[in-house]
Amino acid sequence: MSAAADRIALLDSLPAEELCAQAESALQALVTMMNEETTLLRAGRFRDAAGLTAQKTQLAQDYVVFARAVQRQTERLVAEASTSLDRLHKNHDALATQMAENLRVIATAKNLAEDLIGDVADTVGAKDHTRTYDRSGEVKMPRAASARGITVNRAL
């Protein structure tokens with residue numbers, strides 16, 4: 001058997017209450033981490049929030065492993081630990097709410113950063129405008145040339 005198959009077998013063999021408890025623990029850790037990230041982003045502490053990415057990713061992966069185990073064992077869990085399973089479902093709803101809030105704050109921070117970069121580019125570009133007229137009597141300078149050196153990574 002592979003290591004992944006061994007881990008799946010181990011999770012599937014856990015007592016119902018223990019499986020629910022471990023899944024709930026992983027879920028709570030993820031919700032707490034996302035809440036911390038959201039709080040930091042709201043406070044404008046983007047570097048601190050970015051520092052949580054690796055830990056948040058690991059917590060999310062851990063939770064997904066437990067969530068899949070719960071899905072595989074749903075029938076058994078309903079019979080043996082229905083109260084714990086209900087609590088886990090309610091907490092999962094809290095995760096969905098926290099994720100929606102987190103994504104909203106991230107989108108707001110991204111838009112704010114893009115607006116800021118655009119304003120800086122416009123300001124820097126305004127200083128580069130030519131102060132003389134061409135042969136037709138117009139001041140011409142392409143907008144793209146006015147903001148050289150400043151870029152925005154839209155992949156974020």
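This is a predicted model: local features need pLDDT of at least 70, side-chain atom pairs count only at pLDDT 80 or more; totals for chains, interfaces and linings use all residues.
Student: Angles under 35 degrees count as roughly parallel, those over 145 as roughly antiparallel, 65 to 115 as roughly perpendicular, and the rest as oblique. At what angle do α1 and α4 pack?

Tutor: About 60 degrees, with the axes 10 Å apart.

Student: Which hand is the crossing of α1 and α4?

Tutor: The crossing is right-handed. On the α1 side, Arg7, Ile8, Leu11 and Asp12 make the contact. On the α4 side, Val65, Phe66, Ala69 and Arg72 do.

Student: How do the residues in the contact of α1 with α4 split by class?

Tutor: Five are nonpolar and three are charged, with no polar ones.

Student: Asp12 and Arg72 are both in that contact. What does Asp12 form with Arg72?

Tutor: A salt bridge, with the closest N and O atoms 3.1 Å apart. The pair links distant parts of the chain, since Asp12 is in helix α1 (residues 3–12) and Arg72 is in helix α4, 60 residues apart. Arg72 has 38% relative accessibility, so it counts as partly exposed.

Student: How many salt bridges does the structure hold?

Tutor: Eight. One of them joins Arg87 and Glu24, with 2.9 Å between the closest N and O atoms.

Student: Where do Arg87 and Glu24 lie?

Tutor: Arg87 lies in helix α6 (residues 82–127) and Glu24 in helix α2. The bridge therefore ties together parts that are 63 residues apart in sequence.

Student: And is Glu24 buried or exposed?

Tutor: Buried, with a relative accessible area of 15%.

Student: What about Glu80: which residue does it form a salt bridge with?

Tutor: Arg76, with the closest N and O atoms 3.6 Å apart. Both sit in helix α5 (residues 74–80), four residues apart, so about one helical turn separates them. Glu80 is partly exposed, with a relative accessible area of 48%. Arg76 counts as partly exposed too, at 21% relative accessibility.

Student: Which residues do salt bridges that share partners join into one network?

Tutor: Arg42, Glu101 and Arg104.

Student: New topic. How do the axes of α2 and α4 cross?

Tutor: At roughly 150 degrees, and the axes come within 9 Å. α2 covers residues 16–42 and α4 covers residues 53–72. The cut-off is over 145 degrees, so these two helices are roughly antiparallel to each other. α2 passes α4 in a left-handed crossing.

Student: Which residues make the contact?

Tutor: From α2, they include Leu19, Ala23, Ala26, Leu30 and Met33. From α4, they include Leu59, Ala60, Tyr63, Phe66 and Ala69. By class, the contact has 14 nonpolar, two polar and two charged residues.

Student: Last one. Where does Leu14 lie, and is it buried or exposed?

Tutor: Leu14 lies in the loop between α1 and α2. At 11% relative accessibility, it counts as buried.

Student: What is Leu14 in contact with, leaving aside neighbours within four places in sequence?

Tutor: Leu19, Gln22 and Arg76. Arg76 is also the residue that bridges to Glu80, and Leu19 and Gln22 are part of the contact between α2 and α4.

Student: How far apart are the C-alpha atoms of Leu14 and Ala69?

Tutor: They are separated by 9.8 Å, with the two residues 55 apart along the chain. Ala69 is on the α4 side of the contact with α1.

Definitions and conventions:
Residues are numbered from 1 along each chain as its sequence is written. Side-chain values use heavy atoms; hydrogens and water are left out. Axes are lines fitted to C-alpha atoms, for helices over the stretch in contact, and angles run from 0 to 180 degrees between N-to-C directions. A crossing is left-handed if the near helix is turned anticlockwise from the far one by less than a right angle, and right-handed if clockwise. Contact means heavy atoms within 4.5 Å. Ala, Val, Leu, Ile, Met, Phe, Trp, Tyr, Cys and Pro count as nonpolar, Asp, Glu, Lys and Arg as charged, and the others, Gly among them, as polar. A salt bridge is a side-chain nitrogen of Lys or Arg within 4 Å of a carboxyl oxygen of Asp or Glu. Buried means under 20% relative accessible area, exposed over 50%, partly exposed in between (1.4 Å probe, protein chains only).
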